[in-house]
Structures are given as C-alpha cells and as structure tokens.
Amino acid sequence: MRVLARPTVVEYPQTEYVLAVGDSITLVPTDSGDAVVYSLLHCSLPEGLQLNPDTVLFGEPTASSKQQSITVQMESDVDIVRCSIVLRILSKVTELSTLW
C-alpha cells in the first residue's frame with residue numbers, strides 16, 4: 001500500500017505577471033505532496049499559453065488581453081490545493097509607447 005502525501009502548496013514565483021505579445025514564458029511552480037491531477041479552475045489561459053500536466057505554464061501570448069486571474073488546482077486522492085496568479089498581456093505597440 002502506498003501512502004499519499006497530502007498536497008499542501010502549489011505556487012508560482014510571483015502572483016502577478018505582465019507579458020507582451022510574442023514573448024516566450026515558462027513558469028514553473030513550487031508544489032508539495034502527491035498530486036494526481038492538475039487543472040485550471042473555472043478559467044482559461046490567454047491565447048498562446050498552455051498548462052502542462054505538471055502545472056508548468058508556458059508558451060508565447062498571441063493576443064493582448066486585459067488583466068485576468070488564473071486559478072490552478074492541484075488534486076490528489078487526499079486533498080485539493082489551489083493557487084491564483086494574475087496575467088496581463090500587452091501588445092508590442094503598447095509596451096513601446098510606455099517607454100516615451
């Protein structure tokens with residue numbers, strides 16, 4: 001019999017991210033415990049971003065988007081933990097215009 005460690009935390013290095021269209025990103029979370037399933041909870045990712053089975057958020061945004069909250073859920077046979085981050089995707093033009 002295998003005893004599962006109760007998941008206690010899943011978190012990303014920051015709670016807020018501002019990205020630009022076309023910028024590549026890979027966010028690797030810190031987690032603990034034995035997860036069976038990782039998923040997004042009642043939300044979707046900006047176009048071009050994906051969540052792999054190990055909760056690594058990666059990709060290149062293809063369109064700008066307003067600030068949006070993303071909730072990642074880590075579920076085991078023992079418990080569920082959640083983590084939220086905020087993403088905002090700027091267009092390249094917007095990013096350059098803020099420099100002047």
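Two strands pair if DSSP finds at least two bridges between them. The views below show a predicted model.

**View 1. Strands β5, β8 and β9 are linked through Glu-75.** Val-37 has Glu-75 of β8 as its bridge partner. Glu-75 also has a bridge partner in β9, namely Ile-80. The pairing of β5 with β8 is antiparallel and runs over four bridges.

View 2. Strand β8 spans residues 65-75, and strand β9 spans residues 80-90. The two strands pair in the antiparallel sense over nine bridges. Within this pairing, Gln-73 stands opposite Arg-82 of β9.

**View 3. Four strands form an open, mixed sheet.** The strand order is β2-β9-β8-β5. Strands β2 (16-20) and β5 (37-40) stand at the edges. Each edge strand has a single partner, so one side of each is left without a neighbour in the sheet. On average, neighbouring strands of this sheet are turned by 25° against each other, direction ignored.

**View 4. Ser-65 sits in strand β8.** Ser-65 belongs to β8, the strand that covers residues 65-75. Its relative accessibility is 19%, so Ser-65 counts as buried; the cut-off for buried is under 20%. Beyond residues up to four places away in sequence, Ser-65 touches Pro-46, Arg-88 and Ile-89.

**View 5. The largest nonpolar core holds 18 residues.** Tyr-12, Tyr-17, Leu-27, Leu-57, Ile-85 and Leu-87 touch the most other members. Strands β2, β3 (25-27), β8 and β9 each supply at least two residues of this core. Strand β9 gives the most, with five residues.

**View 6. Leu-57 and its contacts.** Leu-57 is among the residues of the largest nonpolar core that touch the most other members. Neighbours within four places in sequence are left aside here. Leu-57 is then in contact with Tyr-12, Ile-25, Thr-26, Leu-27, Leu-45, Gln-50, Leu-51, Ile-85 and Leu-87.

**View 7. His-42 has a positive phi.** The angle is about 50°, although His-42 is not a glycine. Most residues other than glycine have a negative phi. His-42 lies in the loop between β5 and β6 (49-51). With a relative accessible area of 79%, His-42 is exposed.

View 8. Cys-43 is partly exposed, because its relative accessibility is 25%. Cys-83 is buried, because its relative accessibility is 9%. A disulfide is a covalent bond between the sulfur atoms of two cysteines. The test used here asks for a pair of cysteine sulfur atoms within 2.5 Å. By this rule the count of disulfides is zero.

**View 9. The whole chain, for orientation.** The protein has one helix and nine strands. Along the sequence the pattern reads β-β-β-β-β-β-β-β-β-α. Of the 100 residues, 31% are buried. Among contacts with a separation of 6 or more, 64% join residues 24 or more positions apart. The protein exposes about 6,300 Å², and carbon and sulfur atoms supply 51% of this area.

Technical notes:
Residues numbered from 1 in each chain as written. Predicted model: local features only at pLDDT ≥ 70, side-chain atom pairs only at ≥ 80, totals over all residues. Heavy atoms only, no water. Buried < 20%, exposed > 50% of the residue type's maximum accessible area, 1.4 Å probe, protein only. Axes fitted to C-alpha atoms, helices over the stretch in contact; angles between N-to-C directions. Contact = heavy atoms within 4.5 Å. Areas by Shrake-Rupley, 256 points an atom, 1.4 Å probe, with all protein chains shown as cover. Core = buried A, V, L, I, M, F, W, Y, C linked by side-chain atoms within 4.5 Å.
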